[in-house]
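Here is a friendly walk through a structure that may be new to you.

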Amino acid sequence: MNPRQYARCLGGIVAREGLRFLRQRERFFGALVRPLVWLFIFAAGFRSVLGVSIIPPYQTYILYEEYIVPGLAAMILLFSGMQSSLSMVYDREMGSMRMLMVSPFPRWYLLLCKLVAGALVSIAQVYLFLLIAWFWEVEPPWIGYLLAFPALLLSSLMLGALGLLLSSAIKQLENFAGVMNFVIFPMFFASSALYPLWRIRDSSVPLYEICRFNPFTHAVELIRFSLYGEVSWEALAVVLVALGLFLAGAIIGYDPARGLMARRRGV
Amino acid sequence: MTALKVDRLGKAYRMYATPKARFLELITGNPRHTPYWALRDLSFELAPGETLGIVGRNGAGKSTLFSLITRLFIYATGAIDIYGYNLLTQSRRALAQLGVVFQQPTLDLDLTLRQNLRYHCALQGIDYSLHRAEIDDALQRIGLAEQMGDQVRQLSGGQRRRVELVRALLHKPRLLLADEATVGLDIHSRQAILDQVRDRCHNEGVGVLWATHLVDEVQPTDKLVVLHGGRVMAIGSAAQVMEDTGSETVHQAFSRLTRSVAR
């Protein structure tokens, strides 16, 4: 296999993921409706209740809508990453996953391609969401849209890798919903997506520590800072380490000789 | 060189008497399972251009064998070599020789026929545009050239199966694995698929491993392995197996070999 063949494989997997997403219109609208409901309704309702003081990267007081947009962008990545994993469980049950696994490319590469494909689809949704938010007068600097891309890519890869790791441990599609309830919602609510962490610290220090430990918090902050042209080095480091760990776990999980799939199926 | 060499292959699953036993094994690390051998001491060879029928009832171990040859699972004992490449140590080279039709349908229903074939090309690292004429020709032969732009879910079961076969042979594999490829199809569709496989494989020297519980799909000239309860009951040319069991048909030989044997 030469580099051109590797590129062809990546292109094919990305194209398939994109086509599947476009064909499943309800998934497309579902992915957008969720954050928009939060932005249009939740944020409007809680604007006066949840005041936000001046915290980095913001230079001045901001409306609550502006505060939660990076969190909602990360929310799209989180749900989309998990949805992508759901499709892995579905693919495995329905058999099409087998076509991927019998490809002569290394398995780690196939999983990485799958991850990149899912990330690109998620990022397209985020940019569409940011466009709608712009009309809602959430207007980060133009350079922020550009700088947000690597932050979105890293965050999306990290969340997708977590999803892959989970999907390697899930036996059936029915189990997935339960696992998601134990992963998506705790991750989302125990983060800085909807409220700044200092507010959580005021209420409960242990909960504050949990939020700081949560890699999703750092994904949100990475996106938030990048949208305003800055880099949160702490968030970047945590996201990179989490990406490495989750990806390694997923590759081992999908290894027929060593992974969870192997342990489930054989002696 | 052999297309496929399976040597003393064995695969076992863990069986637990109760869910508690599984839990205790997990917690304590002490084995509390008994091995259930889905395949045991299976050995055979397949030459290029040869067709080998693996017949057995449901649960005989046919699909397990396919999962092992395609490296979806890892075997417990023995070895598998595909055109001289060991499946464990040279898995990528070994897998590159394979074309596979799984028992479960594996086409993406949301995509069109063309998109499915394009995706398969990508997974094999080949350029779809270079194979376009060939694909059109293959689909023409099975009467589906007009449906290239249709979503797969609009095709009938027989049409989907034939597309899967075209797809499996698209990258010119040297060994075709077909696991119950004709299950659920009417007699005409079955025959069309069998003819399609025999034509292509005979003309191009592709080895074929054809697993089925429909024993009439095996011809007397084919090689035959009869599996029952994960063990080999008979192996040889179909004509030889018929002679050894004093049978007039493959079906009769199969019945005699598997009727009275308990697992």
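Beyond its neighbours within four places in sequence, B:Thr212 is in contact with B:Ile54, B:Val55, B:Gly56, B:Lys62, B:Glu180 and B:Glu217. Please keep in mind that you are looking at a predicted model. B:Thr212 belongs to strand β8 of chain B, which covers residues 207-212. Is this residue buried or exposed? B:Thr212 counts as buried because its relative accessibility is 1%, and the cut-off for buried is under 20%. Its side chain also reaches the backbone nitrogen of B:Leu214, at 2.8 Å.

B:Lys62 and B:Glu180 form a salt bridge with each other, and their closest N and O atoms are 3.4 Å apart. This pair links distant parts of the chain: B:Lys62 sits in helix α2 (residues 62-69) of chain B, while B:Glu180 sits in the loop between β7 (175-179) and α7 (187-204), 118 residues apart. Both B:Lys62 and B:Glu180 are buried.

Now turn to B:Glu217. Which residue is its salt-bridge partner? The partner is B:Arg190, with the closest N and O atoms 3.1 Å apart. B:Glu217 lies in the loop between β8 and β9 (223-228) of chain B and B:Arg190 in helix α7, so the pair ties together parts that are 27 residues apart in sequence. B:Glu217 is buried, since its relative accessible area is 2%, and B:Arg190 also counts as buried, at 14% relative accessibility.

Another salt bridge in chain B joins B:Asp110 to B:Arg153, with the closest N and O atoms 2.7 Å apart. Here, too, distant parts of the chain are linked: B:Asp110 is in the loop between β6 (98-101) and α4 (113-124), and B:Arg153 is in the loop between α5 (132-141) and α6 (157-169), 43 residues apart. Why do the two partners fall into separate accessibility classes? With a relative accessible area of 14%, B:Asp110 is buried, whereas B:Arg153 counts as partly exposed because its relative accessibility is 43%. The partly exposed class lies between the 20% cut-off for buried and the 50% cut-off for exposed. Over all chains, the structure holds 15 salt bridges. Side chains of opposite charge can pair when their charged atoms come close.

Next, look at where the two chains meet. The size of an interface is often given as the accessible area lost when the parts come together. Chain A and chain B bury about 3,200 Å² between them, and 58% of that is on carbon and sulfur atoms. The contact takes in 33 residues from chain A and 34 residues from chain B. How many salt bridges are there between chain A and chain B? The count is two. In one salt bridge, B:Asp108 pairs with A:Arg16, the closest N and O atoms being 2.8 Å apart. Polar contacts are found as well, with eight residue pairs across the interface. On chain A, the side that touches chain B receives at least two residues from each of α1 (3-23), α3 (64-94), α4 (96-101) and α5 (107-135). The largest share, ten residues, comes from α1(A). By class, this side of chain A has 17 nonpolar, seven polar and nine charged residues.

Chain A itself has twelve helices and zero strands. Buried residues make up 56% of its 267 residues. Among contacts in chain A between residues at least 6 apart in sequence, 76% join residues at least 24 apart.

Finally, consider the cysteines. A search of the whole structure finds zero disulfides over all chains. A:Cys113 is buried, with a relative accessible area of 1%. B:Cys121 is in no disulfide either, as the nearest cysteine sulfur, that of A:Cys9, is 12 Å away. B:Cys121 also counts as buried, at 1% relative accessibility.

Definitions and conventions
Residues numbered from 1 in each chain as written. Chains lettered and ligands numbered in written order. Predicted model: local features only at pLDDT ≥ 70, side-chain atom pairs only at ≥ 80, totals over all residues. Heavy atoms only, no water. Helix = DSSP H or I, 4+ residues; strand = E, 2+ residues; numbered from the N terminus. Buried < 20%, exposed > 50% of the residue type's maximum accessible area, 1.4 Å probe, protein only. Polar contact = N/O pair within 3.5 Å; in protein donor to acceptor, adjacent residues only side chain to side chain. Contact = heavy atoms within 4.5 Å. Disulfide = S-S within 2.5 Å. Buried area = accessible area lost by both parts, 1.4 Å probe. Salt bridge = Lys/Arg side-chain N within 4 Å of Asp/Glu carboxyl O. Nonpolar A, V, L, I, M, F, W, Y, C, P; charged D, E, K, R; others polar.
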